[in-house]
Amino acid sequence: MKPKAINLIINKVESGRRLDSDEGLILFKHADLLTLGELANQVRKRLHPERLVTFIIDRNINYTNICVNKCKFCAFYREADSPEAYILSKDEIFKKIDETIAQGGTQILMQGGVHPDLGIDYFEDLFRAVKSRYTIQIHSLSPSEISFIAKKDALSIKDALIRLKASGLDSIPGGGAEILVDRVRKKVSPNKIRWRQWAEVMKEAQKLGMPTTATMMFGSLETDKEIIEHLVRIRDIQEETKGFTAFIPWTYQPGNTELGGRSATAVEYLKVLALSRIMLDNFQNIQASWVTQGAKIAQVALEFGANDFGSTMIEENVVAAAGITFRMTKQEIISIIKDAGYTPAQRDTRYNILKKED
Amino acid sequence: MNIDTIKEKVLSNQRLTREDGIALFKSNDLLALGRMADHVAQHKNGNQVFFVQNMHINPTNICVNRCKFCAFSRSKGEPGAYEMSIDDILDKARKAGKGVREFHIVSGLHPDLPFAWYLDMLGALKKEFPKIHLKAFTAVEIDYLAKLSGLSVTDTLKQLRDAGLGSLPGGGAEIFNTTVRNTLCAEKISGDRWLEVIEAAHNIALKSNATMLYGHIETYEHRIDHLLRLRGLQDRTGGFQAFIPLSFHSQNTEIKKSAYTTGFDDLKTLAISRLVLDNFDHIKAYWVMLGEKIAQVSLNFGVDDLDGTVVEERITKAAGGTTDGSMTRDEIVHLIKQAGRIPVERDTVYNVVKVWK
């Protein structure tokens, strides 16, 4: 039984018109899983008629796990004096990049820890060293890290970004967005930047021509309305800058965290993914998260709005710290995309197709 | 055959043909399959999703068959072989939580135990747990026990029933096709024999389930033929309760295949089972094999049963199963609710125990 309002909203999506917050919320609350999937799939087909599913070969390099933020949902960070605290040496980082390139990788995603002692000199030096040795995309430092670096060295966000970019930083991952509503952030990540600062870093980077992504971690303390608010906020930024290449929702993983509780279920994940595809009509790409959902649900996600399979990762430490360790090789990613009836294609950071795997 | 034609048949309650079934398997339109299967499931069971609080007991892994797809079985004397005495089985059964209503008991085909041992085991369990339903012995085991007893299948089943057997699980069906079966499990009874044994059980009012092992070397045609034979038997007896497709796990088996089936294949197989088996009341997602995520999503793809709490299952685990092998009642109820369905706790024969409104 669908209320009349739902049918009007469904018509709106089907005719390619944008939903406002209220409409998004009604749809999210009242539409069943298959309805959301069908709508998301329509939007996806409109944007990607070619039945292609992309992926990137890259590596996550977590240069440190020492972090001043100490978010309650995080199982990865350590205090500076913890026996498990680490910071990778340049040689260790180079070794990881060598392995990445050997596997056909085109990008590295370096993220911490917001380490209290690492200022802009450290990153400029590191990025220059990487760029002098390798031809590889440096897709690194989330807004939280950039914001900290700027503050530590008394720079504006813009100036910090200009210097980082000059030293080799190419693009910025959308991590640390969590839920872009301060009520939630104050509870789950009280020490982390608020939503406006996250948005400011992204906008400044985008103005400098650096591509960025946007993420959302849901399933902690947020309400349905706050999920919609998050989506509308990034949609508004995108309207202004056109600088987001993709949106990546994933689920909070409660294992080994202060916040605890339970994880969002697979049905909730697919619903949020589909809702994202429906709401974010100005985002070209939506990524499935096999890291949090596993290969089976990530594959099914291709019918719920996702057109990108994310990255091969090579290593992943943050979700793994919460006890979830899915692994996928490039071959597995390719075969699972084909099994769903799509053509897999390796892409670069800007979603240029490098190689189709027919 | 296109999907729209099949959809019209589904919506007008017409039985699907072999060709329809094959066309559905060849389609990648997952959401359309889900929509059709969901339509049928809603028609049969409304918004309800059933589960049972049960405990699995696998008395021995020693088996004379040694099927190639099985990572659980051992030969007698081989490292890792185990067998439980009746006292061991009772000890394990005593660990069952308060709400447990079913013991699911399946084993290897043990070379030495006499028929009387099985009657004694059922009798001992029934004596100590008179209210718990004993769902035990696949058709393969029943055939084996008939050889041990020297009786007909029907008389063997009657003796077991008199000792406490309540119903039969659906295992050992694998894939009925002879060629596939000879490759996978040459020593195991034939598909014809499996159906014969189950028919004999249904004829003396013992209910059973039915299964299909998919994702190994079989084709879509083999799957559909398997479903059609089950549908034919069900037309005659009405004795099947639920159909349970079992996704193949290749780790530690002799079949070289990717470790797990895909999410697409799992959901397609469940949905198509719902569509083809129009005379089965229930389609069950066995979450131990599928993983709880796909099992939950399948509740929108034609599935109306999530099996049970399954305390300590050992067979899937041996082949690289990744679930814990048990879920609490609260966890199952949560999964069902989050899928937008009404959780209904049942007993083995689908009497309602509790509804979560």
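I looked up A:His30 and found it in helix 2 (residues 21-30) of chain A. The model I am reading is predicted.

I then checked the exposure of A:His30. It has 14 C-beta neighbours inside 10 Å, so I log A:His30 as partly exposed; the buried class would need 20 or more, and the exposed class 12 or fewer.

Next I listed the contacts of A:His30. Leaving out residues up to four places away in sequence, A:His30 touches A:Pro3 and A:Ile6. For the pair A:His30 and A:Pro3 I noted a separation of 27 residues in sequence and a C-alpha to C-alpha distance of 8.5 Å.

I moved on to a helix pair in chain A. Helix 5 (residues 120-133) packs with helix 7 (residues 157-167) at an angle of about 25 degrees, and the axes are 8 Å apart. On the helix 5 side I wrote down A:Ile120, A:Phe123, A:Glu124, A:Phe127 and A:Arg128; on the helix 7 side, A:Ala160, A:Arg163, A:Leu164 and A:Ser167. By class, this contact has 5 nonpolar, 1 polar and 3 charged residues.

Last, I looked at chain A against chain B. I have 22 residues of chain A in contact with 21 residues of chain B. On the chain A side, the elements giving two or more residues are helix 3 (33-47), helix 11 (266-279), helix 12 (290-300) and helix 13 (330-339). Helix 12 of chain A supplies the largest share, 6 residues. I sorted the chain A side into 9 nonpolar, 7 polar and 6 charged residues.

Methods: Residues numbered from 1 in each chain as written. Chains lettered and ligands numbered in written order. Predicted model: local features only at pLDDT ≥ 70, side-chain atom pairs only at ≥ 80, totals over all residues. Axes fitted to C-alpha atoms, helices over the stretch in contact; angles between N-to-C directions. Helix = DSSP H or I, 4+ residues; strand = E, 2+ residues; numbered from the N terminus. Contact = placed C-beta atoms within 7 Å. Nonpolar A, V, L, I, M, F, W, Y, C, P; charged D, E, K, R; others polar.
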